[in-house]
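This is a short report on selected local features of one structure. Please look at the sequence and the model before reading on.

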Amino acid sequence: MDEKFDCIIVGAGVAGLGAAMTLARNNMKFLLIEKGEFPGAKNVSGGVLWGNDLAKLVPNYWEEDAGWDRFINHRRLTFMDEQSTFSVDFKSSHFNEPPYTGVVVLRSKFDRWLADKVQEAIDASDYAMDSFIAPNILVEEILLEDDKAVGIKAGGDEFYSDSVILAEGVNNLLTRQVGLQDKYVPADHMLTGVKEIIRYDQKVLEDRFQLNGKSGMSNEFVGYATNGVEGGGFLYTNKDTISIGLVLGLKDLREKEQKPHDILNEFKKHPVIADTIRGGEVVEYSAHIVSSGDKRVMPKQLYKAGLVVCGEAANLLLNAGKAIQGMDYAMRSGILAAETITEAKKAGDFGESAMKKYQDTLENSYIMKDINNFQDAVHLLHDPVMTQKMPNLICDFGRNFFSIKNEPTPKSREMLKGAIKRHASYWELIKLGAKGAKAL
Amino acid sequence: MKLLSLPERLGLISYRNQAKSDIKPHILVDTDICNSTCPHKCTTYVCPANCYTKDENGKVHFQVEDCIECGTCMYACDQGAVSWEFPDPEIGRGVTWNYG
């Protein structure tokens, strides 16, 4: 191909598709390259897409039955010990009206659907015949001239462009190649996610989880779920399946010599979980690395001349205890990247200072504001007192509090004292409380 | 519900180019490092697809056929034994997720 593109996007995940949609609407000529058989073919997530940016990309998406699985109006955070669960549960009709604030997605379906929407936007643009979504192509190298990105090499062919958006996901080999990330990234702040998709008769699923129409539930787990390894568990309701899995700190997994797939089976065997998931049929097992949201390992600079990095390739992810946010960050950062590229095209300048505007807008967006503000929460959630002792303590208290015996009942305060004594110390709790108050 | 073994789980996965017997491996492992200086041989337990195994003599072996491209080994190996690339769409292995 002799023609030069305004932009080449590497990766048709949520970030790449968000960027592509924005470029198409801004009448830009671009190439979106995806290594999978189709957009979404290689993508795995928990996963809830939080926030309502999706409505910006696909207005009234809720009127369609395709793409997304369920909207979330029911949240649950569960503390777990070996026998018990103690949950904070919130459900509200407040979340029932679109635009929804969270939708559950299965990426193989969602990304493919979103790519179809991008194709529609391409068809409506001035470059209907010149912009492309190209699956099944692996980008081997970013072409650099005088340290400026000028295109890509794939399958032995070279494709040229004024700019490149790297949306290649967490295993960001090209981000490393261009020097924005170290060649070797250690396990310290990475987690391995493992997940099963379990299928049910749709009516059984809806009755079991109290779902109505397209409503859905998200449930996160702390404690016994991860068998002593730092991390947590999740369960999300899809249309006629559930996504159930764990994210496990990789360094801790290595030190404790544990197998992620074994821990997942232990989690499924837990008496409360076993009751919840009984009768289903496992239809897929998957795994993927996910970043932790710890700023210490994020690439410091997300741009260079002719190039910007977005989504998980930039390690944009946060779990501050309220929700695991990654896909919404991917979408927004993809949109911001495309806006920077559009402005650069207008100004005819794709140099380093023009690309820096992307990082500036990202810093001023809710993404970096939240990542910066909630670093203490990220550290707190990886504290063993929080991930192991607290869930045990809470479940111990729950067991006593909810045990009705035909004998005098101690005051709750006494029960709590006993539970603290058995699982932690006051000093640990004071430290944790102080950290928590500061972090959240 | 019945718990699945890892081979049963991997049996649910759609791998690419399964009809091809001669695929190009996307991960190369220098098992000499695993079997000489590595203190933990961690890939033999952290890999979610069990692509790394230990034989009866404790020696590490690697096969790429079951790899699901998760990336775990690339970070877990701190000994420089793992060279990790994405699989070639035409002549490599790797996955196509049905749900994802």
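Helices (H or I, at least four residues) and strands (E, at least two) are DSSP runs, numbered from the N terminus.

## The model

This is a predicted model, in which local features need pLDDT of at least 70, side-chain atom pairs count only at pLDDT 80 or more, and totals for chains, interfaces and linings use all residues. Residues are numbered from 1 along each chain as its sequence is written, while chains are lettered from A and ligands numbered from 1 in the order in which they are written.

## Two residues with positive phi

Asp147(A) sits in the loop between β8 (139-145) and β9 (148-154) of chain A. Although Asp147(A) is not a glycine, its phi is positive, about 65°. Asp147(A) is exposed, with 12 other C-beta atoms within 10 Å. A residue counts as exposed at 12 or fewer such atoms, buried at 20 or more, and partly exposed in between, with C-beta atoms placed from the backbone.

Gln210(A), also not a glycine, has a positive phi of about 55°. Gln210(A) is in the loop between α5 (202-208) and β13 of chain A, and is exposed, with 11 other C-beta atoms within 10 Å.

## Two cis peptide bonds

The peptide bond from Gly46(A) to Gly47(A) is cis, with omega near -5°. Gly47(A) belongs to the loop between β2 (30-33) and β3 (48-50) of chain A.

Pro98(A) and Pro99(A) are also joined by a cis peptide bond, with omega about 0°. Pro99(A) is in the loop between β5 and β6 (102-104) of chain A.
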